[in-house]
Amino acid sequence: MMLFPPAFAWLAGLWLLAAGTGAAAQPSWQKRELNREFLAEGGAFGDLNRDGEHDVVAGPYWYEGPDFTRRHELYPPQPSDPLKYSKNFFAFIEDFNGDGWPDVLVIGFPGEDTSWFENPGTAGGAWPRHFAFAPTDNESPGFGDLLGNGERVLVCMSGGRLGYARRDPRDPAAAWTFHSVAPARENWQRFTHGLGYGDVNGDGRADLLAPEGWWEQPAALAGTPAWKHHPANFGQGAQILVTDVNGDGRPDVISSTNAHGYGLAWFEQLAAPNARGDEFQRHEVLRADGPGKTNGVQFSQLHALALADVDGDGLPDIVTGKRWWAHGPERDPEPNAAPVVCAFLLRRDADGAARFEPHLVDASSGAGTQIAIADVNRDGRPDLLTVNKRGTFLFLSSPSQP
């Protein structure tokens with residue numbers, strides 16, 4: 001039986017709510033604590049030693065799968081002060097020099113550099129560091145196939161501009177080139193919150209999303225044309241995600257609405273703009289107006305979001321958590337509340353309405369600025385990785401509860 005102290009009584013309600021729903025088999029995970037030091041706020045999965053197993057990258061270490069008991073250094077470890085910040089906010093895996101060995105991309109503190117660490121392969125030893133790009137602004141940059149050509153690019157803001165940075169495949173050691181998609185804005189700076197990409201209008205091309213709306217990728221990119229801006233208000237949250245929530249064939253948007261406060265919402269794309277000219281209708285998953293609860297649940301500082309079908313029903317679910325002590329123990333709403341990791345399971349009703357049911361993953365770890373997802377144990381269900389001021393945590397899916 002799961003017990004919670006009185007101060008966290010709502011967690012018991014959350015767990016009971018999730019366990020009591022019978023729409024699909026309930027997901028569950030086995031928690032593995034890989035490290036208790038504050039080394040980074042993001043991590044990634046990848047097969048770094050090419051043995052066919054997923055490994056974990058978190059801060060200065062990579063951990064060998066499938067048991068994750070052996071760790072190796074990428075660079076000299078230097079734990080950070082939990083009252084301050086690390087120099088490692090995000091990690092991604094990619095073979096940058098084409099030698100067949102996966103390398104590690106590290107996005108550092110907001111407004112500073114992005115670099116990649118070269119896999120030494122069978123020779124072992126040091127991982128040489130290569131500068132890629134600076135400054136990488138915004139607190140939710142991404143790395144993905146924005147352009148639809150199989151090449152992953154760095155999606156970010158830089159010097160007041162919104163856009164993406166591309167590497168030169170002919171010269172892996174060269175600095176990356178930034179491509180702006182919109183005129184510069186003074187409020188686009190290193191600590192801006194909220195950024196994402198996805199195909200908003202269903203034309204087969206991924207678009208860019210920021211707090212002020214979305215920018216439509218043009219059919220041709222020669223000459224670095226400006227992308228058409230569609231105004232909207234997606235809040236000041238974390239990753240901005242694109243998926244069809246209610247199954248009407250139109251892509252919708254998901255984001256937390258205040259990365260250091262309260263609020264999680266999905267934004268329904270309307271068939272046509274309403275009388276006010278809005279393209280989206282906001283639906284709250286968690287309330288944004290303070291400690292009031294939705295379905296008996298509320299927590300603050302949702303600074304990392306990801307999508308995954310965690311319960312195997314074919315629908316995209318939200319995975320998020322509390323960024324514990326984002327600004328220390330005395331700032332932001334409820335900085336010392338339980339550092340939860342939570343999945344919100346998407347349900348579609350017969351009348352076409354969509355809703356998200358909360359499901360507690362863990363109450364003593366939390367999230368940083370990135371949540372990594374992969375099927376590590378090959379059971380057909382996603383496994384989770386969170387890295388933050390409390391340590392490095394791996395959640396391996398276990399047999400479904402009835």
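## The second largest pocket

The second largest pocket, where a pocket is an open set of points on a 1 Å grid over the protein atoms alone, a 1.4 Å probe fits, and protein lies on both sides within 12 Å along at least five of seven lines, draws the most of its lining from strand β8 (residues 114-117), which gives three residues. Lining residues have an atom within 4 Å of a point, and strands are DSSP runs (E, at least two residues) numbered from the N terminus.

This pocket is lined by 20 residues, of which Tyr-75, Ser-86, Lys-87, Asn-88 and Arg-129 lie nearest its centre.

## Basis of the model

This is a predicted model, in which local features need pLDDT of at least 70 and side-chain atom pairs count only at pLDDT 80 or more, while totals for chains, interfaces and linings use all residues. Residues are numbered from 1 along each chain as its sequence is written, and side-chain values use heavy atoms, with hydrogens and water left out.

## The largest pocket

The lining of the largest pocket is made up of 29 residues, and those nearest its centre are Phe-92, Phe-143, Tyr-197, Gln-370 and Ile-371. Among the elements that give two or more residues to this lining are β2 (43-46), β6 (90-94) and β10 (137-144), and β10 provides the largest share, five residues.

## Around Glu-64

Glu-64 sits in the loop between β4 (61-63) and β5 (71-73), and Glu-64 is buried (under 20% relative accessible area, with a 1.4 Å probe and protein chains only), at a value of 15%. Leaving aside residues up to four places away in sequence, Glu-64 touches Asn-49, Asp-55, Thr-69, Arg-70 and His-72, where contact means heavy atoms within 4.5 Å.

How values were computed:
Helices (H or I, at least four residues) and strands (E, at least two) are DSSP runs, numbered from the N terminus. Buried means under 20% relative accessible area, exposed over 50%, partly exposed in between (1.4 Å probe, protein chains only).
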